[in-house]
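Thanks for passing this one along.

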Amino acid sequence: MTFLEALANEKRWHRRALIINLYHKSHVLKKKKWTMRASAKKLNISLGQVSEAVKLAQALIENPSLKSLRRDEALRSIKK
């Protein structure tokens, strides 16, 4: 299964964030000049969605209990 397929099939916000983050971080490791804009283009999503997903994924790694919140609640809690 490709990242695009995994992203298309996943409905839960926390798993989508982790998929986007994994895709982006794996490409950054391969190509040092890889950008969020490049990830957005390849995943057919907006730059803002990639940026938000990376922030959410990092917060989820540090605090897995965030996945019990709605996406907007999780975003608010990490912006504090």
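This is a predicted model: local features need pLDDT of at least 70, side-chain atom pairs count only at pLDDT 80 or more; totals for chains, interfaces and linings use all residues.

1. Helix 2 itself has 18 residues. From its first C-alpha to its last it reaches 26 Å, close to the 26 Å expected at 1.5 Å a residue.

2. Let me pick out His14, which lies in helix 2. Its relative accessibility is 13%, and because the cut-off for buried is under 20%, His14 counts as buried. Leaving aside residues up to four places away in sequence, His14 touches Leu60 and Lys67. Leu60 is one of the buried residues of helix 4.

3. On to helix 4, then. Helix 4 has 16 residues and spans 23 Å between its first and last C-alpha, close to the 22 Å expected at 1.5 Å a residue. Val50, Ala53, Val54, Leu56, Ala57, Ala59 and Leu60 are buried there. Their cover includes helix 2, helix 3 (36–43) and helix 5 (71–79).

4. How many aromatic pairs does a search of the whole structure find? The search finds one. Phe3 and Tyr23 form this pair, with 5.1 Å centre to centre and 75 degrees between the planes, which makes the pair edge-to-face. Phe3 lies in helix 1 (residues 3–9) and Tyr23 in helix 2, so the pair ties together parts that are 20 residues apart in sequence.

5. Are the two partners of that pair buried or exposed? Tyr23 counts as buried, at 8% relative accessibility. Phe3, at 30%, counts as partly exposed.

6. Please also have a look at the largest pocket, which holds about 170 Å³ of space. Its lining consists of Trp13, Arg16, Ala17, Ile20, Ile45, Gln49, Glu52, Ala53, Leu56 and Arg71. Helix 2 (13–30) and helix 4 (47–62) are the elements that give two or more residues to this lining. By class, the lining has six nonpolar, one polar and three charged residues.

Note on methods
Residues are numbered from 1 along each chain as its sequence is written. Side-chain values use heavy atoms; hydrogens and water are left out. On a 1 Å grid over the protein atoms alone, a cavity is a set of points where a 1.4 Å probe fits but cannot get out, and a pocket is an open set with protein on both sides within 12 Å along at least five of seven lines; lining residues have an atom within 4 Å of a point. Grid points are joined across faces, edges and corners, and a volume is the space filled by probe spheres set on the points. Helices (H or I, at least four residues) and strands (E, at least two) are DSSP runs, numbered from the N terminus. Ala, Val, Leu, Ile, Met, Phe, Trp, Tyr, Cys and Pro count as nonpolar, Asp, Glu, Lys and Arg as charged, and the others, Gly among them, as polar. Rings of Phe, Tyr and Trp (its six-membered ring) pair if their centres lie within 6.5 Å; planes under 30 degrees apart count as stacked, over 60 as edge-to-face and the rest as tilted. Buried means under 20% relative accessible area, exposed over 50%, partly exposed in between (1.4 Å probe, protein chains only). The expected span of a helix is 1.5 Å times one less than its number of residues. Contact means heavy atoms within 4.5 Å.
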